[in-house]
Amino acid sequence: MTHTPGPWKINRRNPCRVYLRPGIVIAVTLQDNFPEAEANARLIAAAPDLLAALVAITTYHPSAGEEVWLQNCKLARAAIAKATGAKE
């Protein structure tokens, strides 16, 4: 079995809900501490991107060249930013 493909997004009106698209909820974080619940939702929403970045990095071969490596690093940085809420 495979996971639901991304991209997954956080609902701007309710940042504790993770959606595939409107009406399709992937996850809801229910915690008393709102900032922590929102951070957990960001991490959940970034899961497909994080997985894709890890696959790209771990399947990289030096013969692919520096440009491919730099692109894989860009994917990883974007996934990290999505997970943490930081700017890329």
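User: How many bridges pair β1 and β2, and in which sense?
Analyst: β1 and β2 pair over 2 bridges, in the antiparallel sense. One note before we go on: this is a predicted model, where local features need pLDDT of at least 70, side-chain atom pairs count only at pLDDT 80 or more, and totals for chains, interfaces and linings use all residues. Residues are numbered from 1 along each chain as its sequence is written, and side-chain values use heavy atoms, with hydrogens and water left out.

User: What counts as a strand, and as a pair?
Analyst: Strands (E, at least two residues) and helices (H or I, at least four) are DSSP runs, numbered from the N terminus. Two strands pair if DSSP finds at least two bridges between them.

User: Which residue in β2 is the bridge partner of Ile 10?
Analyst: That's Val 18.

User: And what order do the strands take in the sheet?
Analyst: The order is β1-β2-β3, in an open sheet of 3 strands with antiparallel pairing. β1 and β3 are the edge strands, each pairing on one side only.

User: How many bridges join β2 to β3?
Analyst: There are 4, between β2 (residues 17-21) and β3 (residues 24-28). Arg 21, for instance, has Ile 24 in β3 as its bridge partner. The hairpin of these two strands has 2 residues between them, and Gly 23 there takes a positive phi near 90°.

User: Where is the cis peptide bond?
Analyst: A cis bond joins Gly 6 and Pro 7, with omega about 5°. Pro 7 sits in the segment before β1. As background, most peptide bonds are trans.

User: Switching topic: how much space lies in the largest pocket?
Analyst: About 240 Å³. A pocket here is an open set of points on a 1 Å grid over the protein atoms alone, where a 1.4 Å probe fits, with protein on both sides within 12 Å along at least five of seven lines; lining residues have an atom within 4 Å of a point. The volume is the space filled by probe spheres set on the points, which are joined across faces, edges and corners.

User: Which residues line the largest pocket?
Analyst: Among them are Trp 8, Ile 10, Glu 38, Arg 42 and Lys 82. β1 (9-10) and α1 (34-58) are the elements giving two or more residues to that lining, and α1 has the largest share with 3 residues.

User: What about Ala 81, buried or exposed?
Analyst: Ala 81, in helix α2, counts as buried at 7% relative accessibility.

Technical notes
Buried means under 20% relative accessible area, exposed over 50%, partly exposed in between (1.4 Å probe, protein chains only).
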